[in-house]
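Here is my note on the model, point by point. Keep the structure open while you read.

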Amino acid sequence: MIQPTPGPWWYDDESDIIVGTWGEDREPVWLARVLFDEPVTEAEAIANGCLLAAAPELLAALEEAVALFRHYCFRATDTGGGPWLTAAKAAIAKAKGIND
């Protein structure tokens, strides 16, 4: 399983860079650059950058939601839980680079 750079990440809309921190000193590092071209607008590129920067927190929140659902809901098995659980598990696997 791949391990991404730990969060938090942030989006610098001046340079269009997704920034995280690395190492014991938590030095800033460039993680990705958000580029845009027609038909993507500058506003969409900024929104994409913000979404990408939120990825570590979104993944952690989704993993916690799945764990809580499985803990508190009797039918929350690997095959139960409805379409949202299937979608959540697929999104977690995609974020972690896990293929079926």
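Predicted model: local features only at pLDDT ≥ 70, side-chain atom pairs only at ≥ 80, totals over all residues.

1. Start with a term. Two strands count as paired if DSSP finds at least two bridges between them. With that in hand, take β1 and β2. They form a hairpin with four residues between them. Strand β1 covers residues 10–12, and its antiparallel pairing with β2 rests on three bridges.

2. The protein chain has three helices and three strands. Read from the N terminus, the order is β-β-β-α-α-α.

3. Strand β3 spans residues 27–33 and runs antiparallel to β2, with six bridges joining the two. Look for Trp 22, which stands opposite Glu 27 in β3. Four residues lie between these strands too, and Gly 23 has a positive phi near 80° in this hairpin.

4. Asp 16 sits in the loop between β1 and β2. Its phi is positive, near 60°, and Asp 16 is not a glycine. Arg 26 belongs to the loop between β2 and β3. Arg 26 also has a positive phi, about 55°, without being a glycine. Its relative accessible area is 35%, so Arg 26 counts as partly exposed.

5. Is strand β2 largely enclosed or open? β2 covers residues 17–22, and five of these six residues are buried. That is why β2 is described as largely enclosed by the rest of the structure. Buried here means under 20% relative accessible area.

6. Next, the nonpolar cores. Which residues make up the largest one? There are six: Trp 9, Tyr 11, Ile 18, Val 34, Ala 45 and Ala 53. Apart from this core lies another, of five residues, including Leu 59, Val 66, Leu 85 and Ala 88.

7. Leaving out residues up to four places away in sequence, Ile 18 touches, among others, Trp 9, Trp 10 and Tyr 11. Its contacts also include Val 29, Trp 30 and Leu 31. Further along the chain, Gly 49, Leu 52 and Ala 53 are among them.

8. Two peptide bonds deserve a look. The bond from Gly 7 to Pro 8 is cis, with omega near 0°. Pro 8 lies in the segment before β1. The bond between Glu 38 and Pro 39 is also cis, with omega about 5°. Pro 39 is in the loop between β3 and α1, the helix at 42–53.

9. How many disulfides does the structure hold? The count is zero. A disulfide is a covalent bond between the sulfur atoms of two cysteines. Cys 50 is partly exposed, at 43% relative accessible area. Cys 73 is partly exposed as well, at 30%.

10. Last, the overall shape. The radius of gyration of the protein chain is 17 Å, whereas a compact globule of 100 residues would have one near 13 Å. Along the principal axes, the C-alpha atoms fill a box of roughly 50 × 40 × 25 Å. Of the 100 residues, 20% count as buried. The chain exposes about 7500 Å², and carbon and sulfur atoms supply 60% of that area. Among contacts between residues at least 6 apart in sequence, 32% join residues at least 24 apart.

Definitions and conventions: Residues numbered from 1 in each chain as written. Heavy atoms only, no water. Disulfide = S-S within 2.5 Å. Buried < 20%, exposed > 50% of the residue type's maximum accessible area, 1.4 Å probe, protein only. Core = buried A, V, L, I, M, F, W, Y, C linked by side-chain atoms within 4.5 Å. Contact = heavy atoms within 4.5 Å. Rg over C-alpha atoms; globule rule 2.2 N^0.38 Å. Areas by Shrake-Rupley, 256 points an atom, 1.4 Å probe, with all protein chains shown as cover.
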